Amino acid sequence: IGLELTETAADINPEIVDHNIQRLHDYGLRIALDDYGTGYSNVKRVTTLPIDQVKLDKSFVDMVDDPQMWIVIQDTISMLREMGKEVLVEGVEEERVAKMFTDIRTDLIQGCELIQGFYFCKPVPKDQFINFVRDFNRSHLF
């Protein structure tokens with residue numbers, strides 16, 4: 001089981017939130033930090049909390065064509081990965097952008113493995129999702 005914590009929610013009452021996040025993680029829950037980059041992106045909190053996954057906000061994706069911002073994005077992903085965090089890139093809507101993230105090459109990383117967005121699938125109603133999973137499972141049983 002995993003829980004997502006928005007970056008701004010972590011600032012409501014940091015002592016209590018940090019304590020509860022630690023306890024939940026100690027119980028075996030995975031913790032994801034959502035919307036990274038939309039608030040103050042307190043790197044210290046990312047390093048001190050038991051966060052398993054950091055979800056880069058779509059605002060990063062929207063700036064991939066700015067050469068200076070692309071450097072920041074690559075360095076951010078590299079830094080988070082070096083700290084042992086999974087990195088998920090949110091809001092990818094084009095094949096070209098998905099390829100940019102899968103093709104990232106630095107000393108520490110070789111592509112982002114976790115990418116989500118409309119390029120892959122738009123949100124679907126619950127019934128449609130259940131039917132999709134049911135059909136997928138049937139087609140892969142035999």
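**Close-up 1. Lys55, a buried lysine in a predicted model.** Let's start with Lys55: in this predicted model, Lys55 is buried, with a relative accessible area of 5%. That value counts as buried because the cut-off is under 20% relative accessible area. What does the side chain of Lys55 meet in a salt bridge? One partner is Glu4, at 2.7 Å from N to O. Lys55 sits in strand β3 (residues 53-56) and Glu4 in strand β1 (residues 2-6), so this pair ties together parts that are 51 residues apart in sequence.

**Close-up 2. Glu90 joins in.** Lys55 also forms a salt bridge with Glu90, and here the closest N and O atoms are 3.6 Å apart. Where in the chain are these two partners? Glu90 is in the loop between β4 (86-89) and α5 (95-102), while Lys55 is in strand β3, and the two are 35 residues apart.

Close-up 3. Now look at Arg138 and Asp135, which form a salt bridge with their closest N and O atoms 3.6 Å apart. Both residues lie in helix α6 (residues 126-139), 3 residues apart, or about one turn of the helix. Is Arg138 buried or exposed? Arg138 is exposed, with a relative accessible area of 51%, and Asp135 is partly exposed at 44%. Back at Lys55, salt bridges that share partners join Glu4, Lys55 and Glu90 into one network. If you search the whole structure, you find 9 salt bridges. As a general idea, side chains of opposite charge can pair when their charged atoms come close.

Close-up 4. Time for some rings: the count of aromatic pairs comes to 3. One of them is Trp70 with Phe101, an edge-to-face pair with 5.4 Å from centre to centre and 75° between the planes. Are Trp70 and Phe101 buried or exposed? Both are buried.

**Close-up 5. Phe132 and Phe136, stacked.** The ring centres of Phe132 and Phe136 are 6.2 Å apart and their planes are at 25°, so this pair is stacked. The reasoning needs one cut-off: planes under 30 degrees apart count as stacked. Phe132 and Phe136 are 4 residues apart in helix α6, which puts about one helical turn between them. Phe132 is exposed, with a relative accessible area of 55%, whereas Phe136 counts as partly exposed at 41% relative accessibility.

**Close-up 6. The largest pocket.** Phe132 turns up again here, as one of the residues that line the largest pocket. Sort the lining by class and you get 5 nonpolar, 1 polar and 1 charged residues. In general, rolling a probe the size of a water molecule over the atoms shows where empty space is left.

How values were computed. Residues numbered from 1 in each chain as written. Predicted model: local features only at pLDDT ≥ 70, side-chain atom pairs only at ≥ 80, totals over all residues. Heavy atoms only, no water. 1 Å grid on protein atoms, 1.4 Å probe; cavity = no way out; pocket = protein on both sides within 12 Å on 5 of 7 lines; lining within 4 Å. Nonpolar A, V, L, I, M, F, W, Y, C, P; charged D, E, K, R; others polar. Salt bridge = Lys/Arg side-chain N within 4 Å of Asp/Glu carboxyl O. Buried < 20%, exposed > 50% of the residue type's maximum accessible area, 1.4 Å probe, protein only. Phe/Tyr/Trp six-rings, centres within 6.5 Å; stacked < 30°, edge-to-face > 60°.
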